[in-house]
Amino acid sequence: MSTTTAPVPGSTDGYALDFLRFGLLASALAYMPGELLFADAHAFPAELVMHLFAAGAVVMCLARVRALVVDRTDLFLAAFVALSAASALGASSGWFAARALALTVSGAAVFWAARALARDGWGDVLSRFAALAAVAVAATALLEAYGLVGELSLVNRAPGGTLGNRNQMAHLLVLALPALLLHAGRAPTRPRFAGWMAALAVVAAALALSRTRGAWLGVMAVAVAGTAALLVARRHLRGRWSVDRAGLLALAALLGCGAAVTLPNRLQWASQTPYGDTLRGIVNVEYGSGRGRVIQYANTLRMAGDHPLLGVGPGNWAVAYPRYASPGDPSYEPRSPMPTGRLPQGDWLGIAAERGGPALGFLLLACVAAALAAIRVLRREDDPEAVFRGAALLAALAGLAVVGSVDPVLLTPTASFLFFLLAGALLPPAVRSRTVALGPVRRRAALAAAALAGILTVGYGARQAWAGHLYGTGLDLEALARATRVNPGDYRAHMLLAEALVRQRRCDEALPYLRASQALFPTAQAVDSLGARCVAARPAR
């Protein structure tokens, strides 16, 4: 089924390719403007875009294949998705679980669609768009940092660009860096190589301005893994690995970093030497955010130990965490309507706590299987192009291992979209695989299942995006009430409306929203506090 010509416009191949490459760009640049900024204001539109384009791509791929090629990586990923679904059934907050599970399903759909297209020769096109999407995000972050556009990020989270958070922006760039270097190193002409050098300088500048220690460590992991991979496979490259090009790319990255830290910007850092402070404390865990992470990791590990098989449910880490928060835990603010962050600070422990040890094990096995496939290519493949792709895949996995340890990556939409697309595009064909023929009945069943999953995920994404838009422009009571009707699982909308009504002493009207908030987030003390205020405000009989 492999081909080396461009997809025919209007064909299912062409539609699937467009759904993935332009969907990733749309997810990276999706932005919800509004006066009431909160973390999900950036996540809502990106999730909707991911669900929509992932569903479209996988349906287009299923419509044209006659057989499914399945190997160990596919089976491990499928087991992870299945265990995540089983975990969602027992979650205390079903709406939170549905949101997290939808993201997992769409991520797997992106991987399988990208892999199907890569088998037909479109892996390079997809990895190129992954690099370009990262450059676009980096550009928005630089425009924000230098005041050329309005504020895009949350308070104290600039420069995040369209992602709204500098940590998320930096982690996305780390995941895409191997793809950028892959295409820069293989650029066929000097003008194209110069263009990739400029793109690398933009990404390096945004990474420097982010002051994200996890991302800086991730860059080191990408560099070490990629260089080691190329050294192992150097005899297969046949002179394609140019030391001069590597030096020029390193120079472009250094120039980007240097320009970023010397040119005046509008970022307000408390320190006079912010970048040096971040570099000196890159592995510090004694104080500040490093110490807070260590405390949260220990508490999350206890949560995972208490729920070893299926966890507390996808998306339910925040609901369960107040029961495990220790005294002085900076991750926990009991008086806040949202007492913890929505996501844990790290994929691996977070997945273990939310979905159980077996689910995490299968996800890690999928990553290991992909890494072993890349190593096999490095050792045995004589095709330099395949070797470069294998090195890029290993570097991307190394970057994910590092950044996924310190912050959520696969639990966020755009980074998840990019990583699964890149993994599917770069993963080499398996030596051992099984072909499952798709007759008319099986194909219709597979299409129906994919379409149903797409309808559910896109429908949920559309509801939460619309609800966020309704109350993202201010605390209008009617808009908040409409938001709760559009998306009954939006805890923030219920709480904002309940707080506003309680302040106006309209407790009878606030009561339904307090009950809904309690059902969605039973461990939030702020809900009980609001209810107590209503009881205290009622006249004695």
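**Entry 1: Arg506 and its partner**

I began with Arg506, which counts as partly exposed at 31% relative accessibility. A reminder to myself: this is a predicted model. I then looked for the partner of Arg506 and found that its side chain meets that of Glu509 in a salt bridge, at 2.8 Å from N to O. Glu509 comes out as partly exposed too, at 40% relative accessibility.

I placed Arg505 in the loop between α19 (491-503) and α20 (507-520). Is Arg505 buried or exposed? At 71% relative accessibility, Arg505 counts as exposed, because the cut-off for that class is over 50%.

**Entry 2: the other salt bridges**

I asked for the total next: how many salt bridges does the structure hold? The count is 11.

I opened Arg64 and Asp120, whose side chains meet in a salt bridge at 2.8 Å, N to O. This pair links distant parts of the chain, with Arg64 in helix α2 (residues 40-64) and Asp120 in the loop between α4 (94-119) and α5 (123-145), 56 residues apart. I wanted to know how covered the two partners are. Arg64 counts as buried at 17% relative accessibility, and Asp120 is buried with a relative accessible area of 3%. Arg64 makes the buried class because its 17% is under the 20% cut-off.

Then I turned to Arg293 and Asp407, which form a salt bridge at 2.8 Å, N to O. Arg293 lies in helix α11 (residues 288-306) and Asp407 in the loop between α15 (384-406) and α16, so this pair ties together parts that are 114 residues apart in sequence. Both Arg293 and Asp407 are buried.

I also noted a network of salt bridges that links Asp124, Arg186, Glu385 and Arg389.

With the threshold set at 30 Å³ or more, I got one cavity. The largest cavity holds about 120 Å³ of space.

Which helices each supply at least two residues of its lining? I found α3 (72-89), α14 (357-380) and α16 (413-426). Helix α14 gives the most, with four residues. Among the lining residues I listed Thr73, Leu77, Phe111, Leu363, Cys367, Leu397, Leu410, Phe419 and Phe420. Sorted by class, the lining has 11 nonpolar residues, one polar residue and no charged ones.

I checked the cover on helix α13 (residues 347-355) and found it mostly covered, with eight of its nine residues buried. The buried ones include Trp348, Ile351 and Ala352, and also Asp347, Glu354 and Arg355. Just after α13, I noted that Gly356 takes a positive phi of about 95 degrees.

**Entry 3: leucines on the outside**

I looked for nonpolar patches on the surface and noted one formed by Leu248, Leu251 and Leu255, with about 270 Å² of accessible area together. Leu255 lies in helix α9 (residues 243-262). I class Leu255 as exposed because its relative accessible area is 55%. A general point that I kept beside this: an α-helix has 3.6 residues a turn, so residues three or four places apart point the same way.

Leu456, in helix α17 (residues 440-471), is another leucine that I looked up. Leu456 is exposed, with a relative accessible area of 58%.

Where is Pro159? I found Pro159 in the loop between α5 and α6 (166-185). The peptide bond from Ala158 to Pro159 is cis, with omega near 0 degrees.

Last, I checked Arg211, in the loop between α7 (190-210) and α8 (213-232). Phi of Arg211 is near 50 degrees, again a positive value in a residue other than glycine.

How values were computed:
Residues are numbered from 1 along each chain as its sequence is written. This is a predicted model: local features need pLDDT of at least 70, side-chain atom pairs count only at pLDDT 80 or more; totals for chains, interfaces and linings use all residues. Side-chain values use heavy atoms; hydrogens and water are left out. On a 1 Å grid over the protein atoms alone, a cavity is a set of points where a 1.4 Å probe fits but cannot get out, and a pocket is an open set with protein on both sides within 12 Å along at least five of seven lines; lining residues have an atom within 4 Å of a point. Grid points are joined across faces, edges and corners, and a volume is the space filled by probe spheres set on the points. Ala, Val, Leu, Ile, Met, Phe, Trp, Tyr, Cys and Pro count as nonpolar, Asp, Glu, Lys and Arg as charged, and the others, Gly among them, as polar. Patches are made of residues with over 30% relative accessible area and no salt bridge: like charges are joined within 9 Å, nonpolar side chains (Val, Leu, Ile, Met, Phe, Trp, Tyr) within 5 Å. Accessible areas come from the Shrake-Rupley method with a 1.4 Å probe; for residues, only the protein chains shown count as cover. A salt bridge is a side-chain nitrogen of Lys or Arg within 4 Å of a carboxyl oxygen of Asp or Glu. Buried means under 20% relative accessible area, exposed over 50%, partly exposed in between (1.4 Å probe, protein chains only).
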